[in-house]
Amino acid sequence: MELLTVGKIAQTFGIKGEVKVYVTSSFSSIRFRKGNTLLIKDDLNNNVSLEIENAYRKDANFYIVKFKDFDDANQSEELKSKELFAIKDNNILKENEYFYSDLIGLNCFDENNNPIGKVVKIEEFPAQITLRISFNNKEYFVPFNDFFVKEVSIKNKTLIIHLIPGLI
């Protein structure tokens, strides 16, 4: 069972046991639905299930979440700073959609098959999602869109990028 990080509990919210969650998942509307189960790690690194009783989007980066059986701020205090995980489910992906964790580590090549680096991080900027690529001890950003990213092969761990002057 592969787990994906979907958020981090930032703080308690109110007096009824709700928490404010910084979301790191592109599928937040799916992940933070009422009745879904998310996982945290306990002090022994065991998975502990938390059922979502209620959740709503606070703003672009945060959800307010009420977990079942956490009925006051004192109970939810123990959740602060915990990362939230979900079980990886490829069925939620549409065509040409990818989990960030699957893109990190892909070897990048230009359209002539010349190596141009490796994806080290995915950055979400207001305008678009961007790949951070490292090559020869330098990092650069490539917009993750159809113009620049010509082919993604998770199986072969490769990514083909259309280069334009000044991109690297």
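1. Buried here means under 20% relative accessible area, exposed over 50%, and partly exposed in between (1.4 Å probe, protein chains only). The model is predicted: local features need pLDDT of at least 70, side-chain atom pairs count only at pLDDT 80 or more, and totals for chains, interfaces and linings use all residues. Residues are numbered from 1 along each chain as its sequence is written, and side-chain values use heavy atoms, with hydrogens and water left out.

2. Salt bridges. The structure holds eight of them, a salt bridge being a side-chain nitrogen of Lys or Arg within 4 Å of a carboxyl oxygen of Asp or Glu. D102 pairs with K88, with the closest N and O atoms 2.6 Å apart. D102 lies in helix α3 (residues 100-103) and K88 in the loop between β6 (83-87) and α3, so the pair ties together parts that are 14 residues apart in sequence. D102 and K88 are both buried. Helices (H or I, at least four residues) and strands (E, at least two) are DSSP runs, numbered from the N terminus.

3. K66 and D71 form another salt bridge, at 3.0 Å from N to O. K66 counts as buried because its relative accessibility is 10%, whereas D71, with a relative accessible area of 49%, is partly exposed.

4. K121 and E123 meet in a salt bridge at 3.9 Å, N to O. K121 is partly exposed at 42% relative accessibility; E123, at 13%, counts as buried. Through salt bridges that share partners, K121, E123, R132 and E139 are joined into one network.

5. D110 deserves a separate entry. This residue is found in strand β7 (residues 107-110). D110 is buried yet has no salt bridge, and the nearest side chain of opposite charge, K150, is 13 Å away.

6. S76 lies in helix α2 (residues 73-76) and is buried, with a relative accessible area of 0%. A polar atom of the S76 side chain lies 3.2 Å from the backbone oxygen of A73. With neighbours within four places in sequence left aside, S76 is in contact with T12, G17, E18, V19 and F70.

7. Nonpolar cores. A nonpolar core is a set of buried Ala, Val, Leu, Ile, Met, Phe, Trp, Tyr and Cys residues joined through side-chain atoms within 4.5 Å. The largest has 18 residues, of which F32, L38, V65, F67, L79 and L84 touch the most other members. Two or more residues of this core come from each of β1 (3-13), β2 (18-23), β3 (37-41), β4 (47-57), β5 (62-67) and β6. Another core, of 17 residues, lies apart from it and has Y100, I116, I122 and V152 among its members.

8. Annotation. An unreviewed UniProt entry places the feature "domain: Ribosome maturation factor RimM PRC barrel" at residues 101-163. UniProt positions are given in the numbering used here, feature names are shortened, and annotations may be inferred rather than shown by experiment. Over residues 101-163 the chain is 5% helix and 57% strand, with the end C-alpha atoms 24 Å apart.

Notes: Lys, Arg positive; Asp, Glu negative; His and termini not counted. Polar contact = N/O pair within 3.5 Å; in protein donor to acceptor, adjacent residues only side chain to side chain. Contact = heavy atoms within 4.5 Å.
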